[in-house]
Amino acid sequence: MSKKWLIPICAAAGIFLVLQLHQSNTNRNNGNESSEIAELQQQRSIHEVLSATMEEEQKLNIMQKDMNNSDLLVLSEIEADIDKLVELTDAKRARSSIERLRSDHPHYVYMRWEHDKTKIQVGDYPAPEEEQAKSYMREAERYYVPGDRYSSKLYYGKDNNQYRVITKVGNEVKITAVVKASIIPQVEEHQRKNLRLVPYPAEGTMKVESVKPNSTVDTTVTTGEDNGNVSHYYEKEVVVKFTTPLTEAQLSELKGQINCTSAKKMGDTYIFVSENMQTEELIAYFRENWDISFIEPHYIYLTNEEANATFIPNDSLFSRYQWNIPNIHVETGWNISRGSEDVVIAVLDSGVQLNHPDLQERLLQGYNVNDGSTNAADELGHGTHVAGIIGATVDNQEGIAGITWFNSVLPVKVLNNSGAGSTYSVAQGIIWATDQGAKVINMSLGNYASGDFLHEAIKYAYERDVVLVAATGNDNTNRPGYPAAYPEVFAVGATTSSKERATFSNYGDYVDVVAPGDSIASTYTGGQYAALSGTSMASPHVAALAGLIRSVNPSLTNVEVMEIMRQTATDLGEPGYDQYYGYGEIDAQKALSTAVSYAGTLQTYPKTVKNRLEQIINQ
């Protein structure tokens, strides 16, 4: 072989050897990397499971705390009621007071008033299930010394309800009461849904489908944890907005083609229900055959608490249980504004107990979107609790104190008795409340789908100068929840009594502020009181503050009201704005002080002048 070929051949052999060695190392490295990636993925999977388990355990602890505190609230209110009755020595007045008390608070199933030899008995003593329970009433009869109190253990009646016997002996009068302890199972069921501890709403009810957010891609919800990553919509229903209005002939034609069983219209937007076409098929049909602005599933929304003189109201539960009021400096803020009945705060929720003794004087005639009636009564308890945080009567020796003294509360029932409502019902509720003159709208509800239909209703209210406030959600996720994440809406997360973010509170770059939302005492159905946790309880704190701000300075625009609440919030967490606390926890005293003389901006000046002129004209 010639020498001239020897050098290239040797060089080629050397290159080949290097390449083989490199490939071997690469394969070894790739193998190591694959192994490391697999290990990391396994660790991440284990971490996610542990995180979900820990989060569920935290939520269960929060729920148990709410149940315990609710029981304490009820017992405290019962003590306050009985303390008033033992002061009544006149039989006629005593009977009248007992009958009124039982009418307002149906959980008093039996009451007995004794003075000298006179005895008044009202109601029926429920038959106990166990022999031991019968001894509780006999035990109560043994107490006769002034100042004596007795409270039995809970026992089951033959109707499967739990009861408790309570006795108080005054200087001259003895009161014995049998009280139904119905609120604890109610609170447990309520909070399992509210804190997303159970799949909610259950698939198979109300023809509901669970899907990945902003899609129709089916997913299965098997645990409460799964709720944080899905949206829900009604099967065989779509929301459609047409580019041009439909004629009667066109509407009739498409109804026949989709086997339409229901068609609701709001403006240029329709909600169609088909007898046999699935949502995906309906979406495909409309996109192919009609000129539309948008089409989307019919989404469901779910229930998601310096004049430096401090005024202490005499409401019986205030000092012991309402930590939330002093935490955001409401008491000192009351020296600047206690609200105005002209500034209406709408509560879009499950309704409100219309005859609750701590609320009835503050309520306007509401609206039930579900049946089109004026009966906005609440059977769930969620809306009653939210309304109480805003407007329970203050300084009336009854129950709790609301944040506002005089603002009117407008109940709008957009959720059904299971606590779920559709895009249509929420949107219609927003528009109705706006048209009725609401200046603030609270929405303690949400979903993870951004619907154009709902957004149009939000814009309708926003453009008419309404302050829209919404809860972020209770899934401890940074996935944007709606309506809170719409830019026109003021989004509220939840804090604890120690000013830390509540572990369930959703977070993200759309959060504006935080407010108390951990075991908040408020009104509840049955004329009772309960302690509940959730961003649903935080949101009404902010809505109430917005109402107080608009009361002290009616010329402020909705943009200015929201900016004041951001500017005056107490910074928490990382310095400055952050995704967990937003601008911080609201401060009522600072916000109201700022609102009195707020100058506004050039952008909001025209609307401010318009509001001021309207105020002068209406005076």
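Predicted model: local features only at pLDDT ≥ 70, side-chain atom pairs only at ≥ 80, totals over all residues.
Residues are numbered from 1 along each chain as its sequence is written, and side-chain values use heavy atoms, without hydrogens and water.

**Entry on the sheet.** I read strands (E, at least two residues) and helices (H or I, at least four) as DSSP runs numbered from the N terminus. Strand 12 (345-349) and strand 16 (440-443) run parallel and are joined by four bridges. Both belong to an open, parallel sheet of seven strands, ordered 13-14-12-16-18-19-20; strands pair if DSSP finds at least two bridges between them. At the edges I found strand 13 (367-368) and strand 20 (513-516), each pairing on one side only.

**Entry on the core.** I looked up the largest nonpolar core, of 82 residues, in which Val542 and Ile549 touch the most other members. A nonpolar core is a set of buried Ala, Val, Leu, Ile, Met, Phe, Trp, Tyr and Cys residues joined through side-chain atoms within 4.5 Å; buried means under 20% relative accessible area (1.4 Å probe, protein chains only). Helix 13 gives the largest share of this core, nine residues.

**Entry on Asn553.** I located Asn553 in the loop between helix 13 (535-552) and helix 14 (558-567). Asn553 is buried, at 10% relative accessible area. Beyond neighbours within four places in sequence, I recorded contacts (heavy atoms within 4.5 Å) of Asn553 with Ala595, Val596 and Tyr598.

Notes:
Buried < 20%, exposed > 50% of the residue type's maximum accessible area, 1.4 Å probe, protein only.
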